[in-house]
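Dear colleague,

I am passing on a structure that I would like you to look over when you have a moment. Please find it below, followed by my notes on what was found.

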Amino acid sequence: MKKILCKKVLVISIGTVIAFGNLTWSVSQASKLAKQREIETFEQKTVKSSAWEMAE
């Protein structure tokens, strides 16, 4: 009985670690994407503002 219980705990703990790892990985990927988007929008804004200056 104890062996079965130990196996279950082990499987659950491994599953939790894997799930947590996936979660942190996806969060880091999402933050990278968000930073990239911010940079892109910033670049677009600067390009637009410089285009306006040139037009004047």
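**Charges, overall form and surface**

In the protein chain, the mean position of the 9 positive charges and the mean position of the 5 negative charges are 34 Å apart. Please keep in mind while reading that this is a predicted model, and that every value here is computed from it.

As for the fold, the protein chain contains one helix and zero strands. Its radius of gyration is 24 Å, well over the 10 Å that the globule rule gives for 56 residues, and the chain is therefore more spread out than a compact globule. The C-alpha trace, taken along its principal axes, spans about 80 × 5 × 5 Å.

Ile12, which is placed in helix 1, counts as exposed because its relative accessibility is 57%, over the 50% cut-off. Leu10 also has its place in helix 1, which covers residues 2–55, and together with Ile14 and Ile18 it makes a nonpolar surface patch of about 290 Å².

Definitions and conventions
Residues numbered from 1 in each chain as written. Predicted model: local features only at pLDDT ≥ 70, side-chain atom pairs only at ≥ 80, totals over all residues. Heavy atoms only, no water. Helix = DSSP H or I, 4+ residues; strand = E, 2+ residues; numbered from the N terminus. Rg over C-alpha atoms; globule rule 2.2 N^0.38 Å. Lys, Arg positive; Asp, Glu negative; His and termini not counted. Charge placed at Lys NZ, Arg CZ, Asp CG, Glu CD. Patch = residues over 30% accessible without salt bridge, like charges linked within 9 Å, V, L, I, M, F, W, Y side chains within 5 Å. Areas by Shrake-Rupley, 256 points an atom, 1.4 Å probe, with all protein chains shown as cover. Salt bridge = Lys/Arg side-chain N within 4 Å of Asp/Glu carboxyl O. Buried < 20%, exposed > 50% of the residue type's maximum accessible area, 1.4 Å probe, protein only.
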